[in-house]
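Please examine the sequence and the three-dimensional structure shown here before reading on.

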Amino acid sequence: MLREGEKVNLIELTERYVDNFNKKNMSSLELMIHEEATLVDPENTFSGKEKIVEELNRLLSHEEIMLDAVEIYNDVQQETTFLEFKIRIDDLMLKGIDAIKWKDNKIYKLTAYVNEDNYQE
């Protein structure tokens, strides 16, 4: 667990997010989300930690869901990581990029850019 004010590598935080997502570890995911966070996906915007946790619970309720981090890029000056990903949700397979803005080592804004075309492995 991070102590208040302690800085960590943002790529490591992003890897931790992916790991907790894939393990469906909601308690750990919830700790990673800033109280004033915003989640933007192609169809919706969720403001505040409570709404984001609700959406993550809904998403992780799928029987088969796997987030594959293809590459993680880091903009240290902007405290932002860019997660290039592939995600499988049941029979749907998508590619995209998450732009994750960090504040106090927590997700402050996550914007998901998703290629809506189902891809084949």
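The model is predicted, so local features need pLDDT of at least 70 and side-chain atom pairs count only at pLDDT 80 or more, while totals for chains, interfaces and linings use all residues. Residues are numbered from 1 along each chain as its sequence is written, and side-chain values use heavy atoms, with hydrogens and water left out.

**The aromatic pair**

Rings of Phe, Tyr and Trp (its six-membered ring) pair if their centres lie within 6.5 Å; planes under 30 degrees apart are stacked, over 60 edge-to-face, and the rest tilted. A search of the whole structure finds one aromatic pair. Tyr 17 and Phe 21 form this tilted pair, with 6.1 Å from centre to centre and 50 degrees between the planes. Because the two residues are four apart in helix H1 (residues 10-22), about one helical turn separates Tyr 17 and Phe 21. Helices (H or I, at least four residues) and strands (E, at least two) are DSSP runs, numbered from the N terminus.

Buried means under 20% relative accessible area, exposed over 50%, and partly exposed in between (1.4 Å probe, protein chains only).

| Residue | Relative accessibility | Class |
|---|---|---|
| Tyr 17 | 7% | buried |
| Phe 21 | 3% | buried |

**The hairpins**

Two strands pair if DSSP finds at least two bridges between them. Strands S4 (residues 80-89) and S5 (residues 92-103) are antiparallel, with 10 bridges. Ile 89 has Leu 92 in S5 as its bridge partner. Two residues lie between the strands of this hairpin, where Asp 90 takes a positive phi near 55 degrees.

S5 also pairs with strand S6 (residues 106-115) in the antiparallel sense, over nine bridges. Trp 102 stands opposite Ile 107 in S6. The hairpin of S5 and S6 has two residues between its strands, and Asp 104 in the turn has a positive phi of about 55 degrees.
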